[in-house]
Amino acid sequence: MRINQYIASAGVCSRRKADELIEEGRVKVNGSVLDVMGYHVQEEDVVEVDGARIEPVTKKVYYLLNKPAGYVTSTADKEGRPLVTELVPDSVRVFPVGRLDLNTTGLIILTNDGELSNKLMHPSGEFSKKYLVRAAGIVTRKEAERLERGVDIGGFVTSPAEVHLIKHDRNSTLAEIVIHEGKNRQVRRMFEAIGHPVQELCRTGLGDLVIGKLALGQCRKLSPAEIEYLKRV
Ligand code: URA
C-alpha cells in the first residue's frame with residue numbers, strides 16, 4: 001500500500017494531507033524521515049507520524065448506532081462523560097464519522113475505515129441528513145418556508161432544505177427537516193433563527209441509511225450493500 005493511503009486508512013488524515021505530512025518531514029519509516037512520496041509500505045515496516053506509531057487497519061468494521069442523549073461523539077472526553085464508542089461491542093477500535101451534539105439522539109456511523117470517514121466528512125459530498133425535531137411553540141408553514149429557503153445562522157446562510165410539519169400541540173411542534181450540509185449545531189441554529197428553539201433532536205437518516213427500529217443505545221453492523229453505497233456516493 002502506498003504510504004499516503006496507509007496513513008489515511010489508519011484514520012490519521014486524508015491522503016492529500018498525508019502527502020503534506022511527508023513533505024514536512026513528519027513521517028518516519030523504520031526510524032528514518034521518509035523522503036520518497038510514493039513509498040510502498042512493507043508488512044514489517046514501522047511507520048510513525050509526529051513520533052506516534054501508526055497501526056495498520058486490518059479488519060474494517062462499520063456500525064450504525066442509535067446514539068442516546070448524554071453520550072459524547074468522540075473517542076475520548078476530558079470530563080469523563082460516556083462515549084459513543086463504548087456502545088460498540090467490538091474489540092476493534094472505532095471512531096465516529098461526523099458529530100451529533102451531546103443531547104442529540106439518532107443515527108451515527110462508527111468505523112475504523114479512515115478513508116471512508118474522510119470521504120464522508122468532506123464538505124463537497126455532503127450526504128442529506130434527516131432529523132426529527134421537537135421545536136418550542138407552533139411553527140407555521142411560512143416559518144418552515146424560511147427554513148426551506150435558507151436562514152442566516154450567524155454569518156452563514158443555510159442552503160435549501162426540506163421541512164415537513166408533522167403535528168403540534170399548544171406548546172411545541174414536531175417536524176422533519178432534511179439538510180444537505182453540516183455546520184456546527186446547524187438544525188438548532190436554524191430553528192433558533194426563526195424563534196422556535198429545539199427541545200429534542202434526533203437524526204433519523206443519512207443519505208439512504210435510516211435508523212429504522214434500532215433502539216436507543218443499540219448498534220448494528222452495516223450490510224455489505226450499505227457499505228458499498230457509502231463508498232460509491
Ligand atoms: N444539528 C444540530 O443542531 N445538532 C446536531 O447534533 C446535529 C445537527
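Analyst: Here is a look at one helix, followed by a pair of helices elsewhere in the chain.

This is a predicted model, where local features need pLDDT of at least 70, side-chain atom pairs count only at pLDDT 80 or more, and totals for chains, interfaces and linings use all residues. Residues are numbered from 1 along each chain as its sequence is written, and side-chain values use heavy atoms, with hydrogens and water left out.

Let's take helix α4, residues 141-149. Helices here are DSSP runs of H or I with at least four residues, strands are runs of E with at least two, and both are numbered from the N terminus. In α4, Glu 143, Ala 144 and Leu 147 are the buried residues (buried is under 20% relative accessible area, exposed is over 50%, and partly exposed is in between, using a 1.4 Å probe and protein chains only). Those three cover an arc of only 100° around the axis, so they sit on the same side of α4; the arc is that of the directions from the helix axis to the C-beta atoms. Their cover includes β9 (162-168) and α5 (186-193), with contact meaning heavy atoms within 4.5 Å. After α4 comes Gly 150, which has a positive phi near 125°.

Leu 116, Lys 119 and Leu 120 of α3 make the contact with Leu 230, Lys 231 and Arg 232 of α6.
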